[in-house]
Amino acid sequence: MIRRVWPLLCLAIAAPLCAETTAVEPAPITAAELRAHVAVLAADDYGGRAPDSEGGRKTVHYIATQWNEAGLQPGADAADGGPSWYQPVSMVTRRPLSGSARFFTLDGKPVPIADRSVLLSGRADSGKLDGARLVFTGYGIAEGAPPPDLTGRIALMLAGHARGETRTLAERAATLARAGAEGVLLIFDEDDRVSSLRGTWFRKASELADDDARAPRFYGGIGDEAARKLFAASGDTLVEARLRADQNPGLIEPLALTADLTARSQNERLSSYNVIGKLPGRDPKAGAVMLLGHWDHLGVCRPEGAPHRICNGAVDNASGIAVLIEVAERLAKAPPLDRDVYFVATTGEEIGLLGAKAFAEHPPVPLDRIVAAFNLDTVAVAPAGEPVAIIGRGKTPIAADVGKVARAIGRQVDADDDANAYIKRQDGWMLLQKGVPTVMANGAFSDSARLQAFLGGAYHTPDDRLTDDTDLSGAAEDADLHVALARYFADESSYPGPG
């Protein structure tokens, strides 16, 4: 624990830091302290902590209250420009119900495309578009190119990637929508892609409201055979069109075709919050360190009549929030560090890492000031004594220093990168994509068999609740690790910065 091993960390890593701070050593974080927070957050009266629910609002208030009492300052910006604990996050959840497309030549002759060859969904509860002209847009508008006028058009876009293309299909579709396209239909390489996607296409999905507003009104895809029929009806061939697109990735070609589109969806708008606290450092110019974890869970997840309907999310992720609260309390009571330390509790992780995405797109601190970020998720899986798995090793330069800090406080470190299999399933991924050095370091992900037992059992079910058997000793050990990590990376003498 930190009281016992901090002198070792001083000798091994940060002698200048330790000369100032050994007189006030942080007390070890205990499993009992973490359990007290988990007991609140995973209680039935918090309702499973779904975004935009009464339990969700109680959760963000609890976190802000705890951080305020610990001595943190509000780290977000209020609408009036003042400080706030809360960063608003607006989301849209949509379940496509049905969609159909009918295609015609310019003289009104129908082009026989079977319904099974088309996937289509719409943004509105009920949307209809008649007689819209089709335009072939190759791989989409070339990055940086001036947008053409696609007002009222339906864009046919190849689902593949042009050479050097890094944007996702959704980002390329949004670019077409900004140019005025009412709909975007992807052209898949093979017909079976449509049938294989049909099962997932009509599932409920969520997005940030800003991203949803930038998307086309209609979005879908057609198979290779259907695309061949469309190009043939317009006096062209799909093979030649693909060749032209390969030669000119920004190709824009009107087609002698129109389409009628209809789609129905079930939409729900969610208003939620990230909670952001700040521990000011001595040197505002030195940058910042960030610790984050998601507070949301699945809410009521079983139908009427089930013996227990609430997914309480004790492990995932009340345990991670409990660690954030206790780490904040320890650091706030210690002497100030050089760098600011931000604590971020995100919403919408369970529906697509949306709170972390919102933070990355509208950060209250410039992202290039963050020298290191650490995500805490599902930490109450393993007992104390497990090695530290580093999710993000090989993806960011701070991983080696994370291992050094862990070993200095007596923790072993996994030698393999198996835990990187989860790198895209946690909030840190949104920061990594923006170039922020981010890892998730804990003992919970070091034993894949134990982790899989949780993921195949209590995970995302009502069984993930706090019981007498819930072992928080490993989470307490990981909490001490994050106190050490924050002190190391927030001190300029131990970590001058990248490179």
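Residues are numbered from 1 along each chain as its sequence is written. As the model is predicted, local features need pLDDT of at least 70 and side-chain atom pairs count only at pLDDT 80 or more, whereas totals for chains, interfaces and linings use all residues, and side-chain values use heavy atoms, with hydrogens and water left out.

Salt bridges, defined as a side-chain nitrogen of Lys or Arg within 4 Å of a carboxyl oxygen of Asp or Glu, number 30 in the model. One of them is formed by the side chains of Arg 94 and Asp 212, with an N to O distance of 2.7 Å. This pair links distant parts of the chain, 118 residues apart: Arg 94 belongs to strand 4 (residues 86–105) and Asp 212 to helix 7 (residues 209–214). Helices (H or I, at least four residues) and strands (E, at least two) are DSSP runs numbered from the N terminus. Arg 94 and Asp 212 are both buried; buried means under 20% relative accessible area, exposed over 50%, and partly exposed in between (1.4 Å probe, protein chains only).

A further salt bridge pairs Glu 165 with Arg 167, whose closest N and O atoms are 2.8 Å apart. Glu 165 counts as buried because its relative accessible area is 17%, and Arg 167 is likewise buried, at 10%. In the salt bridge between Glu 253 and Arg 244, the N to O distance is 2.8 Å. Here Glu 253 is buried, with 18% relative accessibility, while Arg 244 is partly exposed, at 25%. Salt bridges with shared partners also join Glu 33, Glu 326, Glu 329, Arg 330 and Lys 333 into one network.

The side chains of Arg 330 and Glu 329 are joined by a polar contact of 2.6 Å. A polar contact is a pair of N or O atoms within 3.5 Å; within protein, one must be able to donate a hydrogen and the other to accept it, and residues adjacent in sequence count only if both atoms are side-chain atoms. The side chain of Arg 330 also reaches the backbone oxygen of Pro 28, at 3.1 Å.

A patch of negative charge on the surface gathers Glu 190, Asp 191, Asp 192 and Glu 225. Such patches consist of residues with over 30% relative accessible area and no salt bridge, like charges being joined within 9 Å. Asp and Glu count as negative, and the place of a charge is taken as CG of Asp or CD of Glu. Glu 225 lies in helix 8 (residues 224–233) and is partly exposed, with a relative accessible area of 46%.

Most residues other than glycine have a negative phi, and most peptide bonds are trans. Arg 49, not a glycine, has a positive phi of about 55°, and phi of Asp 52 is also positive, near 60°. Arg 49 is buried, with a relative accessible area of 1%, whereas Asp 52 is partly exposed at 31%. A cis peptide bond, with omega about 5°, joins Asp 316 and Asn 317; Asn 317 lies in helix 10.

Terms used
Patches are made of residues with over 30% relative accessible area and no salt bridge: like charges are joined within 9 Å, nonpolar side chains (Val, Leu, Ile, Met, Phe, Trp, Tyr) within 5 Å. Accessible areas come from the Shrake-Rupley method with a 1.4 Å probe; for residues, only the protein chains shown count as cover.
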